[in-house]
Amino acid sequence: THYATLTDKDVSFFERLLSSGRTITNPDECLPFNIDYIKSCQGQSQLVLRPKTVDEVQAILRYCNEHQLAVCPQSGNTGLSGGSVPVFDEIILSLRLLNSIGNFDENSGVLTTDAGCVLEKLDTHVRQFGHIMPIDLGAKGSCLIGGNVATNAGGLRVVRFGSLRSAVLGLEVVLPDGSLLDCLTSIRKDNTGIDLKQPFIGSEGILGIVTRVALACPSLMSGVGLGFFACSSFEQILSTMRLARKICGETLSAIEFLDESTYNLSLKYLQRTNKPIESNKFYILIETMSSTDEQAKATLEKLATTALEKEFITDGTLAQDLTQYKDIWAIRERVSDALVADGYVFKYDFSLPTSRMYKLVEETEERMKQFSNVGNVTGFGHLGDQNLHLNVTVKDGYSDDIKQALEPWLYEWVAKEHGSVSAEHGLGLHKSKYLELNKGKHSLELMKQMKNMFDPKCILNPYKVLPYKTD
Ligand SMILES: Cc1cc2nc3c(=O)[nH]c(=O)nc-3n(C[C@H](O)[C@H](O)[C@H](O)COP(=O)(O)OP(=O)(O)OC[C@H]3O[C@@H](n4cnc5c(N)ncnc54)[C@H](O)[C@@H]3O)c2cc1C
């Protein structure tokens, strides 16, 4: 596809459409929108548009479609696959100002809101009504709910609340030609034909712009418990997880793990000199939620005692108050920042059979031994969801040799195990070429047909998700 080059006439059109500084052309001001969170890629967009209304989003896309101008949708720009920044000079459509919190229905627990609202703000809002957002993740203070839906983000509580997709009851989407697809129902049951909102969840902005969302919000549980335990092997981590499932049962709300190097990096980043528990090779974090504090804490205490007796864990701590609860969670939630501080990051996000998860980290470690500039090889992630985050940090910046030693070897390893090459972060720019390896030719062909149906001129988020030839 050949795109038009942005002209002064185009810029004037957008300036007329969007009042008061919502058309950004100053290169310094465009820069932060051009660079992704982990600084893995940088575009050269000369234009950032910041619509406040859905009508404005429609007018922008209608114009871009007519004039063959490529567009990169962007929400909080916390995506980890290079999907949220332009590859070349695509116009950046920033959705941050589309941010009025809509209605919360106290009878159904359904929130209907603009897509540009920050996840954490929405969570604070629904807590007033005794509910929480169905998703929680380390980037909650910056990511926007539209970005979460567009990536079908996973996060920390999938074990309890399921995937975000299952909580999305309705969507409003602006299609690439500027028309509006209204699937914004807030009812829980609706078996009427093909569910048209589904393709927009998790397709990372290649089919349409999510402008409004209706979400089922779980009830707020007043009882919360958190345990953090050390184990000497990955086998013991798995034994502890199985025990937690048995003992904590329906109160379980998170099962996360970190290996030694991840844990040390996080503590260093947080500047913590006092370690919360005695060190070991692995750490597991178990959270429980219940309608009573007694129950949430009692199941965790029983877990801790039994796991110690059985020698699954070597040390552990249970959060006694909110400060300790936040301090322990910070060790897990700040890992992404700690990795960025450690150097250039090769970042992978795989689904794998649980028993094979750490084998891949060990083999990667072995493979990286030949490179003296590798900082750390780390494994951590959403253990309860079979989701491994594997990261390799490089001390002196990006290295092509290291990349070639990692890819496609890692992706082929995961495909052989029938895992997923992208558990939750999405394919974005970095992983699009491995889609076929994971899904096969036929699925890829159908995906291309869907893209062509919704976006025949291919103006939305080009070069992302589906494999493209860019030469
Ligand atoms: C510290 C940290 C922790 C994280 N933890 C997790 C985690 O636990 N689980 C997880 O899944 N992810 C995690 N992420 C990744 C990231 O936060 C999620 O992918 C998040 O959902 C992205 O939201 P965003 O608003 O930043 O979207 P962006 O990064 O701006 O965009 C993400 C993608 O969606 C597209 N897009 C954005 N908005 C729209 C829209 N309104 N309509 C259509 N397309 C759109 C973009 O083009 C891009 O392809 C983490 C990131 C960080 C930095």
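Let me start with a term: buried means under 20% relative accessible area. Keep that cut-off in mind. Also keep in mind that this is a predicted model.

Take Cys 41. Its relative accessible area is 14%, so Cys 41 is buried. Cys 64 is buried too, at 0%.

A disulfide is a covalent bond between the sulfur atoms of two cysteines. How many disulfides does the model have? The count comes to zero. Cys 41 is in no disulfide, and the nearest cysteine sulfur, that of Cys 72, is 9.4 Å away. For Cys 64, the closest cysteine sulfur is again in Cys 72, at 12 Å, which is too far for a bond.

On to the sheet. Seven strands form an open sheet with antiparallel pairing. Read across, the order is S13-S10-S12-S11-S15-S16-S14. Which strands stand at the edges? They are S13, residues 315-318, and S14, residues 344-351. Each has a single partner strand, so one side of each is left without a neighbour in the sheet. On average, neighbouring strands are turned by 15° against each other, direction ignored.

Let me stay with S12, residues 282-290. On one flank, S12 is joined to S10, residues 223-231, by nine bridges. Those two strands run antiparallel. You can find the pairing by residue. Gly 225 has Thr 288 of S12 as its bridge partner.

Is S12 buried or exposed? Nine of its nine residues are buried, so S12 is largely enclosed by the rest of the structure. Look at the side chains by direction. Phe 282, Ile 284, Ile 286, Thr 288 and Ser 290 point one way. Tyr 283, Leu 285, Glu 287 and Met 289 point the other way. All are buried, and that includes Glu 287.

Next, the helices against this sheet. Helix H11, residues 322-333, packs on the sheet. H11 touches S10, S11, S12, S13, S15 and S16. Its direction makes about 50° with that of S10. Helix H15, residues 409-416, lies across S14 and S16. H15 runs at about 10° to S14.

Most residues other than glycine have a negative phi, and most peptide bonds are trans.

Pro 408 lies in the loop between helix H14, residues 400-406, and H15. The peptide bond joining Glu 407 and Pro 408 is cis, with omega at about 5°.

Second, Gln 68. This residue is not a glycine, yet its phi is positive, at about 55°. Gln 68 sits in the loop between helix H3, residues 54-66, and strand S3, residues 71-74. Its relative accessibility is 19%, so Gln 68 counts as buried.

Third, Asn 77. Again, this is not a glycine, and phi is positive, at about 55°. Where is Asn 77? In the loop between S3 and strand S4, residues 91-94. At 9% relative accessibility, Asn 77 counts as buried.

That's the tour.

Technical notes:
Residues numbered from 1 in each chain as written. Predicted model: local features only at pLDDT ≥ 70, side-chain atom pairs only at ≥ 80, totals over all residues. Heavy atoms only, no water. Pairing = 2+ DSSP bridges. Helix = DSSP H or I, 4+ residues; strand = E, 2+ residues; numbered from the N terminus. Axes fitted to C-alpha atoms, helices over the stretch in contact; angles between N-to-C directions. Contact = heavy atoms within 4.5 Å. Disulfide = S-S within 2.5 Å. Buried < 20%, exposed > 50% of the residue type's maximum accessible area, 1.4 Å probe, protein only.
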